[in-house]
There are 4 protein chains.
Amino acid sequence: MHYQAILNQIADRVRHFQGRGKVADYIPALARVPADKFGMSLATVDGDCYSVGDAHENFSIQSISKVPSLMLAVGQIGGKLWERVGREPSGDPFNSLVQLEFENGIPRNPMINAGALVVTDCVLSNTRDAKQAILDFVRVFAGDKNIHYDSEVAASEMEHRFGNAALANYMKSRGNLANDIEDVLDVYFHQCSIAMSCRDLARMFLPLANKGVSPIANTRVLSEARTKRVNAVLLTCGLYDAVGNFAFRVGLPAKSGVGGGIVAIMPNEFSVAVWAPELEESGNSLVGTEALALLTTLTGKSIF
Amino acid sequence: MHYQAILNQIADRVRHFQGRGKVADYIPALARVPADKFGMSLATVDGDCYSVGDAHENFSIQSISKVPSLMLAVGQIGGKLWERVGREPSGDPFNSLVQLEFENGIPRNPMINAGALVVTDCVLSNTRDAKQAILDFVRVFAGDKNIHYDSEVAASEMEHRFGNAALANYMKSRGNLANDIEDVLDVYFHQCSIAMSCRDLARMFLPLANKGVSPIANTRVLSEARTKRVNAVLLTCGLYDAVGNFAFRVGLPAKSGVGGGIVAIMPNEFSVAVWAPELEESGNSLVGTEALALLTTLTGKSIF
Amino acid sequence: MHYQAILNQIADRVRHFQGRGKVADYIPALARVPADKFGMSLATVDGDCYSVGDAHENFSIQSISKVPSLMLAVGQIGGKLWERVGREPSGDPFNSLVQLEFENGIPRNPMINAGALVVTDCVLSNTRDAKQAILDFVRVFAGDKNIHYDSEVAASEMEHRFGNAALANYMKSRGNLANDIEDVLDVYFHQCSIAMSCRDLARMFLPLANKGVSPIANTRVLSEARTKRVNAVLLTCGLYDAVGNFAFRVGLPAKSGVGGGIVAIMPNEFSVAVWAPELEESGNSLVGTEALALLTTLTGKSIF
Amino acid sequence: MHYQAILNQIADRVRHFQGRGKVADYIPALARVPADKFGMSLATVDGDCYSVGDAHENFSIQSISKVPSLMLAVGQIGGKLWERVGREPSGDPFNSLVQLEFENGIPRNPMINAGALVVTDCVLSNTRDAKQAILDFVRVFAGDKNIHYDSEVAASEMEHRFGNAALANYMKSRGNLANDIEDVLDVYFHQCSIAMSCRDLARMFLPLANKGVSPIANTRVLSEARTKRVNAVLLTCGLYDAVGNFAFRVGLPAKSGVGGGIVAIMPNEFSVAVWAPELEESGNSLVGTEALALLTTLTGKSIF
């Protein structure tokens, strides 16, 4: 079956999963997104892009932004990053202080909040203007100059910063944060506030499906070896504490965000982004997970 | 490069990693295995098998036995298994009581000891003679009638049973063990004591590389969907608390044992078994991990 | 006010706290005890004893038995005991495996189940017939030859042994249990099954209120220094994870049991036992705690 | 023996415990205090005060300040305080984030840092000028107008605030901190920086030995019932995670600080302060603990 037909069928079949999850409501800008939004885009390494539903509408990518900032940091300092952040699944909720304390301020992996703050700290230390650098990275590889920070979302996150500020302060107390805490949080909340569409996301993630090369920008972003390694981190750590279940049901490296987005990678073939705001209890898009499970069933494609 | 040439090169290059790990010594039969043993076998879905070093020598497969017993149990009761055991990575050492208590006696996944005891309990409930059934399964799919239980190892494990007995008693206290504790431990220690070679192991695991069908026995063992799911469990849970690092460096679903064996799967292509007794601190073969990292580098093949 | 008048007033006033707790029901013999039983006895160091309500009726002392076995073990091996068990409050439920694992098989204190099993193991190692020795100890210092083991309760506990067996196996695996697990559990469940009355208990605990000397048996049980130390352990560890609240509200060293008994000590003055089967959520007698809080309010006596 | 003779003997005998601990060195002002300082003062409820050694020299009281601020807060809001902070021993190091997370931002007790921050937050909410109020409280009940904040210490603590800031941010994220984090930390670090002598401390704590009345200021500070309750909190929570050991060896309610001070209470008789900068591994004065153990041995007085 053709990808477009598959996306159409998925859009149709996932409707009956709507109404079972809960839209993130810890900041107003997320809470007022309609629960029944659904969009999906699949971009192939050959340059084709298929979309369905609200795939061209911008939404808040939130934790999905941990992936471009990881790609930036790995490009800047390479293997040294792993001295400051691990790459093991956490087995705990994404904002856990417990694990951080047991492991002396070294976050378990770069996909939990503490680890992403360390990655942002690295980008801050290695870039003149970190906020601009992250935005440029996203714009260039999505091929869309209109992608922007949502300053209302960023301001709201800063207002509700205390949980993340606790993580940042704890890491600072253990010597694992080089920059000023306020600066790190400012960049971090801005990257989380990026507003972009499923189509943008699918295109931006193509380097991870294409041995490190962006077909959009016609540029190598990461070496082939590092590309595989980023995909490995996504598979083992990208879905908070539902990593095992997602690998079991979907079988693709992926990253989710509380804005309801999930981006997944089928190496050498495609990247795919889905958006549906209702979350399951681990904080991943409920309908989005079902859509991706259907995708691997209908295409017969997964990494396993 | 041809697989045989690659195996030869690996055998040559991993020598300088020897002497950095520690042979398991909690039972005498394991402690007296020479530390410098090294064998490796790669079996393709097309029926070829390549070997190097001590690949034909039997060793104690230990936790690798959790995979055939999982395949047996999934074949017997299917999805019902997941009501009694999870499929999330544990983030804790393989014999942790802590996690079990936090999660009320439901083990995190079937690759940690507690989870494997539940799987064994299922096999016991669904088979007339569980010890015979497990041995038959291994013999048939490895195509080797001489595979046997090592009764000295099984007796030693029973003598040092207290850690596993603590897990079993705790699960029994929470209602997650149907059979008598002594019976479950007896079957479990026997399956761990199975002695077989790299060649046997690579061949026995072929169904996981071949959409569920054993090319050796010419039989379907699992459906294609369940095969993918078992591979997903191996990738996220198969290497104790070095799961993320192994996915990062090797990039294949795999299972290790404290006897020094590791078996890995490249879906649709091959299964590969390696044996080198020295363990790193997480309990996985140190030289075996290096050998598999070299394999994915030299072949350019991984699931990512 | 005279002690007898105070006890009468307490018995009257605590009635309205009945019906708010829950009788232990994990074994049938405990579950069928009427919830509205209430008895209380206060024995002074001068030899007087005052009682009210069901103070002469036998009940299952359960964890209160941890105190006589601790007194026996301290008398047998003295300070060496503290190499195998700590004396810090646990901050966790009384049967926690978590803490035991974090602390490598050394129980936090002798009042949690794991610690009491170590104490029982010591008594077993230092007595020809541990069951007889414990029973004799209790009979002599209570001055009542009719105190007995309740074999139905002991058998029930053995049948539901799995939680305690998990603790015992874990400690055995860490080298902190010298005797056979079944033997330790057998003695432990027997000591828990002892049936005696409030009056017996108040009299048996008098040595702790009387600088170590039993006025009943006219014998020194412990040195004055060790007596103070046992009282300190009771105050910081005797009420499971409600230790702080009990010290705050009652202000006396004490030990509770899931049979609904609590015994408390006012040094140099009296020991007091109360029985009321309904438990609060930490496993201590709800009405018993209120009765003791009233006692310290009405007498103006507490250690603080 | 007379108290003065006992103090003299203690000062003599504890010398040989010197050199076994470690002076706190996380801020320069503490690190440069000579390790061999030793002072001790005992103030009786009758108005006598006995001293030995460096008892008139000021030192940084640090966590001992948690007691006067608790007395202030209990005086201001009474029992409502216990809705925001528990009163159970923690069983964990004094700055643990782990416990705070497990218990949803409600600190285990007011003697650990998180709990003391909540107490300070209460004082801030109920006082026009919290810093002045705390200083006045200490000056009045010690009867010494020269007691002052050490602004160098306070500034150093603020510079190394990250661990405490992590706790404060986490509690703010769970709704358990009413005031601005910076304000709470500012007051908290000031109260910790108070410089006073053993003599001042012994006198200031007299209300806890005297049913709530300060014989120095001739004023009631707390009701008799609340006095007992504060003493109960000190006994079960005042010595970090060495609470049980201190109760076992010393047997008095007490509070320690990393400046090397410990103040203890013998109800109805005396309060006693000791200062010796070297700490044992739990963060309590090593020589100070020995001095207090000698005091209870030589006087034969303890609450048990």
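**Entry: Q62(A)**

I looked up Q62(A) and found it in the loop between β4 (59-60) and α3 (66-77) of chain A. Helices here are DSSP runs of H or I with at least four residues, strands are runs of E with at least two, and both are numbered from the N terminus. The model is a predicted one, in which local features need pLDDT of at least 70, side-chain atom pairs count only at pLDDT 80 or more, and totals for chains, interfaces and linings use all residues. Residues are numbered from 1 along each chain as its sequence is written, chains are lettered from A and ligands numbered from 1 in the order in which they are written, and side-chain values use heavy atoms, with hydrogens and water left out.

I then checked the backbone. Phi of Q62(A) is positive, near 50°, and the residue is not a glycine. Most residues other than glycine have a negative phi.

Is Q62(A) buried or exposed? Its relative accessibility is 3%, so I count Q62(A) as buried. The cut-offs for relative accessible area are under 20% for buried, over 50% for exposed, and partly exposed in between, with a 1.4 Å probe and protein chains only.

**Entry: N268(D)**

I moved to chain D. N268(D) sits in the loop between β10 (261-266) and β11 (270-275). N268(D) has a positive phi too, about 70°, and is not a glycine. At 47% relative accessibility, I note N268(D) as partly exposed.

**Entry: chain A as a whole**

I counted elements next. Chain A has 14 helices and 12 strands. Its C-alpha trace spans about 55 × 40 × 35 Å along the principal axes.

Of the 304 residues in chain A, 65% are buried. I also looked at contacts, meaning heavy atoms within 4.5 Å. Among contacts in chain A with a separation of 6 or more, 69% join residues 24 or more positions apart.

**Entry: L298(A)**

I found L298(A) in helix α14 (residues 286-299) of chain A. With a relative accessible area of 25%, L298(A) is partly exposed.

Which residues does L298(A) contact, leaving aside neighbours within four places in sequence? I list M1(A), I6(A), Q9(A), I10(A) and R13(A). I also took a distance to P89(A), 209 residues away along the chain: the C-alpha atoms are 28 Å apart.

**Entry: chains A and B**

I superposed chain A on chain B. A rotation of 180° with 0.0 Å of shift along its axis does it, at RMSD 0.0 Å. The two copies are therefore related as by a two-fold rotation axis. The same surface serves both copies, as 100% of the contact residues of chain A recur in chain B.

**Entry: I303(B)**

I placed I303(B) in the segment after α14 (286-299) of chain B. I303(B) is buried, at 6% relative accessible area. Beyond neighbours within four places in sequence, its contacts include P267(A), I303(A) and F304(A) from chain A. F141(B) lies 162 residues from I303(B) in sequence and 24 Å away, C-alpha to C-alpha.

Methods. Least-squares fit on C-alpha atoms with pLDDT ≥ 70 in both.
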